[in-house]
Structures are given as C-alpha cells and as structure tokens.
Amino acid sequence: PGLQFPPQLNCATWLLDRHVAEGRGERPCILAPGLRWTYRELQDRADRIAHVLVHDMGLVPGNRVLLRAPNTPMLAACWFAVIKAGGIAVATMPLLRAKELQAIVEISQASHALCDARLADELLQAQAACPTLKQLRLFNGEDAAHPLAPDLALEPAMARHGTPFANVDTAADDTCLLGFTSGTTGVPKATMHFHRDVLAACRCWPEQVLRPTADDVFIGSPPLAFTFGLGGLLLFPMHVGAQAVLLEKAGPEQLLEGVRQFGATVLFTAPTSYRKLASHPQSAAHSPAAALRGSTLRHCVSAGEALPAATRALWREATGIELIDGIGATEMLHIFISADAAHARPGATGQVVPGYRAEVVDEHDQPVPDGTVGQLRVIGPTGCRYLADARQTRYVRHGWNYTGDAYWRDADGYFHYQARTDDMIVSAGYNIAAPEVETALLQHPAVAECGVAGVPDDERGQIVKAWVVLHPGQTPDEAMTRALQDFVKQTVAPYKYPRAIAFVADLPRTATGKLQRFQLRQLA
Ligand code: 3UK
C-alpha cells in the first residue's frame, strides 16, 4: 500500500491540521457525553497545550511526556499537543497505582506529565519518588470541578497562550510514542513508535480491512493508552476525517447508550465485552445487543484476545453483524492479521494484512508447513523496537516480532490461533491449548466467563484446570462440575476435559482486559 513517507514528517500535521487547512475545520471530530469538538476546536486546544509545554514547561523535542486520564477529549488534545511539540507521548492506563506509574516514569524517563485532576493523587505520589519527572500540569476538562493550585493548573495557562502553534519539524523516524505492552506475563515492556509508524498503521489495516469513510462515527472501550484504543478511537477516525466518541466508562450499558446517542457506526471492543453485550441468561433475543439490531452500527471489531467461535455466533444472532477479528500487538501498533466480515472464517483470525509478512516458525526460526502449529512472527511497516530492554531478543530478532502466540496456517493463508506459547498444557503426553478448552466451556449456557490453565500433577505432569464464573442463578456444585466436564468431553476430544474445576466470582485480567493465565496457575 505505497508507504513512502517524506524524511521530515510530523504525524499531527497530517492527522489533525490537514483537515483544518483543507477546509474541514468545522466538521465534528471528538464527541463525548455533553460535548462535541470540531477539528478546529481540537486543534485550538492542542495548539494551546503545545505552547504551554514548550514555553511554560520547557519541553524540548525528544522529551517524554506522561499522560494520565480516562478516555476524554482533553486526553486527545494533550496527545496531539505532545506530538506537535516534538515530544514523545507516554499514555498510561487510568487504573495504574503510584508504584506502577513510578516504574513507567523510570523506564520512559518521563520529564513532563499532563494529568486529569481526578487521577492526580497517585501521580503526585509517584512524582515524589521520581526526580526525573520535573514538570506536571493538571486539567479538569469540561466540568471544571477541582480547584487547582495556580502553578499546576493547565487550563488557565492555555488561556494565556494564543494559536496557532507551528508543529516541530520532526523526522519521519523520530519516536513519537512509547507503548507499554499488556504484561500478560507480568512485566511490561516499552515499545517505540515513529511518526511514520503512526501513519503507516492508518494506511494498512484500516484501508485494507475496515475501509472507513468520513461519515463514520467510531466508539469503543479500549483506553487510548492501549494502542488498540489509540488507533481505533483516535488515529483511524481522524485519518479519514471521521468522528470519534470518547467514553470514560465503557461497560455494556455505556456502549449501548453511546451507540444510540451518537449514531455510532464502528465499534471497537474485546471478545469478553462482546460476550457480555450479547449474552443474557435466558436468550440472546433479550440481550442488550439485540437492541443494536437495525441500529446505525455497521462494523464491529474484536481484538486483544482470541475470539471464541461461540462469541462470534452469539453476536451475529443478536445483532446480525459479522465480527471483524484481528490480531494486533503493541509492538506492531495495531492489527496485522484480520478478515473483514465478508471473508470471516470462524475459528481463524484472518489473513495477513497487505503491507505485513507473517509466518509460523519452529524453535529454530524455520517456517513450518501449512497445518503445523508453531510460533507466529510478523514484520511490517509499523514496528517494532523496544526501548532498552535486556529481553529484546526473545521477542524481536532481525526486525521480526515474535508474538509468543502458537498459530497454524491453512492452505488459503488463514491463520488459526491456538494459544499463547506458554498457555499450551502438556498432560499425559497430550498437547492441549488452554483457549480451546475455554471456547468449549463458553458454549455451555451456565458459563458466563472462564479461564483454563495447566496445574502440576504427579501422575500426568499437568492437568487441565478451569476457573469458571457462572451466570447469576446457577449453582456451583458437584453436579455442575460433572455437567461441565461431560459437556467439554462431548464438544472437543475427551482427553482435553478439565479434571479440576473451581467456581469463582471473577477472573484475573490485565488493564487491557486480557485473561492472566499465569495468575490462575499461581492460584492453583
Ligand atoms: C493477543 C490476540 C488472538 C496475542 C492489540 C489490536 O492486543 C493488542 O496488543 P498487546 O500488546 O497484546 C498482543 C497479544 O494479544 N491477541 C491480540 N489480538 C488477538 N490473540 N486473537 C486476536 N484477535 O496474544 C498477541 O500476541 O496488548 C490488539 C490492536 C493493537 C494492540 N496493541
């Protein structure tokens, strides 16, 4: 897809200022409950914040700026301000605590921070322990609720500066953002992305698979600190001059209400969220998603975790919409294997997105024949490099990102997900993929959510154990255990059935919503 970029390039110029320069400034850009900013209004905010960063806070190009807020219009403005000023955006998950923020400041060497006043406490605690973090400003957003110390308040400082701001003339391969990986295995790593990576990400998967237009209205749940959310809820809509709805809370009710209120056409969320929206203890016909049948929604994108075939079917039954599955990674910024609704193949993630190469390799890095399970590796125009990390070589070799996922490819080039390579269970000599057992369990009507992991066993090496969250009104007893075991035996090869089942109220998940199977193993 013709991805030659000029040597000097600031991605904010293309994504934001271009629309105003070309006469689209009055088109709506960012929507939120009770708020609507046009492209010109977002540019106005971003320009003023960029002036504050440079003139009041002493930012010079290359400085890292920590951002902390729920998905709000002000967070979007701050993100663009950092990019315009030639800084490096380090967006963080709103739920992080002082200790985690401290680790991120230390890894990223952030010198500046912009933070939603409601989330200031943990960041101020972290700052006390971080001598490199010298400059910090707090913002209130629209409902100016928190009185702020004058030297810390961003909004009055914005009012003192004018517009425009002349974007720093960065190189196309200057770093503009650090993305932190989800840490499904515990420790997050920082990936670096260039200005040109951001534009390449807008050109690859969106143009090949999603194909949005300026009339689309994007909505969804992933935080902008997660590159799944950054792309789906900010970069991709703005690339085509469309609108993005930012929701601070995006549970099933808020998403449903948001789609209705804003006439959303494109939804981005994770498999568990689709399942929650679509499942109702009695029937899919009464699920919240049934209300989406015949709504404005036309594209629904699932990523972050494997999409169980049952969830795909549930969503289709409830809404009439075929989900677009796609595997992406922080290392690669966004999705690199996917299929649009017309090409969806249940059980497969999809085909490689043009612009990328993806292969399934053995432990010697040699591609394996189609049909054979191996590790997925990918290379492309949007990644990948880590910020100084001693474990680099485990995930990146010769420019390839080794995703840590076990996959096989079929003769038509569709990639079929098996498991994270460390979520393969070996029991009495059998190789069992934890997600396959989960997928089977999820088809049982009593099961709301579940997680599966291998636990040590004297006789078999490991046994399959399932942690199950039941729907309200279901009884967690011996009879239920046997019913679920029998059900799995009838759904997949009987040796895969969970020999142990624990009923729990919820499952350990990362801030990006991924199941942490290593936590389950530790529970055992
Ligand atoms: C898993 C999937 C099966 C897989 C992400 C879209 O998830 C994102 O990035 P992370 O760095 O995690 C990457 C890992 O997540 N995964 C993601 N999508 C799928 N597994 N099917 C899928 N559809 O283990 C992968 O290695 O947090 C997703 C866009 C941007 C992202 N950063």
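Modeller: Start with pairing. Two strands pair if DSSP finds at least two bridges between them. Helices (H or I, at least four residues) and strands (E, at least two) are DSSP runs, numbered from the N terminus. This is a predicted model: local features need pLDDT of at least 70, side-chain atom pairs count only at pLDDT 80 or more, and totals for chains, interfaces and linings use all residues. Residues are numbered from 1 along each chain as its sequence is written.

Colleague: How do you know that strand S9 pairs with S11?

Modeller: Count the bridges. S9 (residues 217-220) and S11 are joined by three, and the two strands run parallel. Pairing needs at least two, so the label holds. Gly 220 stands opposite Phe 268 in S11.

Colleague: How many bridges join S11 to strand S12?

Modeller: Four bridges join S11 to S12 (residues 299-302), and these strands are parallel.

Colleague: Why is Asp 365 called partly exposed?

Modeller: Count C-beta atoms, placed from the backbone. A residue is buried if 20 or more others lie within 10 Å of its own, exposed if 12 or fewer, and partly exposed in between. Asp 365 has 14, so Asp 365 is partly exposed. Asp 365 is in the loop between strand S16 (357-361) and strand S17 (374-379). Asp 365 and Gln 375 are 10 residues apart in sequence and 8.7 Å apart in space, C-alpha to C-alpha.

Colleague: Which residues of S11 are covered on its two sides?

Modeller: In S11 (residues 266-269), Val 266 and Phe 268 are buried on one side, and Leu 267 and Thr 269 are buried on the other. Side chains in a regular strand alternate between the two faces of the sheet.

Colleague: How many residues of helix H7 are buried?

Modeller: Eight of nine, and H7 is therefore described as mostly covered. The buried residues include His 195, Arg 196 and Asp 197. Helix H1 (11-21), strand S7 (175-180) and H9 are among the elements covering them.

Colleague: And helix H14: how many of its residues are buried?

Modeller: Nine of nine, for H14 (residues 434-442). Glu 436 and Glu 438 are among them.

Colleague: What makes H7 roughly perpendicular to H9?

Modeller: The angle. Axes are lines fitted to C-alpha atoms, for helices over the stretch in contact, and angles run from 0 to 180 degrees between N-to-C directions. The axes of H7 (residues 195-203) and H9 come within 9 Å and cross at roughly 80°. Under 35 degrees counts as roughly parallel, over 145 as roughly antiparallel, 65 to 115 as roughly perpendicular and the rest as oblique. The value lies in the 65 to 115 range, so H7 is roughly perpendicular to H9. Val 198, Ala 201 and Cys 202 of H7 make the contact with Gly 231, Leu 235, Phe 236 and His 239 of H9. Contact means C-beta atoms, placed from the backbone, within 7 Å.

Note on methods: Contact = placed C-beta atoms within 7 Å.
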